[in-house]
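Hi everyone, thanks for coming.

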Amino acid sequence: MKTYIAFLRGINVSGKNKVPMAELKELLVDQELKEVETYIQSGNVVFKSELNNNKELEKQIKAAILRHFEFNVPVIVKTVDQVKEILNENPFKTDDENLRKQNYYVLLNEQPKQEAVEKFKLENFVNEEFYITGNCVYLKCHAGYGKAKLNNNLVERKLKVEATTRNYRTMSKLLELSD
């Protein structure tokens with residue numbers, strides 16, 4: 001059995017797409033996912049599954065949420081090793097705790113087309129740096145993510161892929177919960 005982390009996008013934001021975590025946990029256990037654990041209200045789930053296919057797990061979770069809660073939620077599933085790799089490959093990685101708070105990870109549901117990546121690389125944002133890989137856009141938001149022009153919606157629009165963003169602390173905590 002393999003351990004996975006699911007990242008749900010756009011739930012429990014401004015009173016929209018309400019998904020109580022206890023109810024989500026129960027729903028996923030009913031989907032035969034094991035050792036399901038949620039972390040904070042923004043839609044982070046650590047679980048185990050015998051199914052060894054991220055895309056199939058994404059479809060399964062997305063379909064279960066649609067049936068139960070009656071709305072669509074983008075879902076990105078990564079293995080623990082994939083999340084570790086994403087954290088390790090961060091070009092803005094630092095041991096300084098204050099600087100870590102500036103690091104954000106825009107997790108991509110699929111690899112964007114090279115043409116879109118090349119065009120996006122030409123963009124510049126004041127107080128913001130970014131680095132694009134096949135599965136993540138690393139952000140360094142010097143003035144904080146709340147004030148960033150370079151946000152999840154912009155990344156999705158420019159790269160034409162579904163994405164969801166998490167901060168360093170959340171990513172680290174999810175790895176901790178997966179052990």
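How many bridges join S5 to strand S8? There are 5, and the two strands run antiparallel. Before going on, some housekeeping: this is a predicted model, where local features need pLDDT of at least 70 and side-chain atom pairs count only at pLDDT 80 or more, while totals for chains, interfaces and linings use all residues. Residues are numbered from 1 along each chain as its sequence is written, and side-chain values use heavy atoms, with hydrogens and water left out.

Strands here are DSSP runs of E, at least two residues, and helices are runs of H or I, at least four, numbered from the N terminus. Strands pair if DSSP finds at least two bridges between them. S5 also pairs with strand S7, residues 136-141, in the antiparallel sense over 5 bridges. Tyr 104 has a bridge partner in each: Leu 139 in S7 and Asn 167 in S8.

Now the burial. All 6 of the 6 residues in S5 are buried, meaning under 20% relative accessible area with a 1.4 Å probe, protein chains only. Asn 103, Tyr 105 and Leu 107 point one way, and Tyr 104, Val 106 and Leu 108 the other.

Gln 102 counts as buried because its relative accessibility is 16%. Its side chain makes a polar contact with the side chain of Lys 140 at 3.3 Å; that term means a pair of N or O atoms within 3.5 Å, where, within protein, one must be able to donate a hydrogen and the other to accept it, and residues adjacent in sequence count only if both atoms are side-chain atoms.

Technical notes. Buried means under 20% relative accessible area, exposed over 50%, partly exposed in between (1.4 Å probe, protein chains only).
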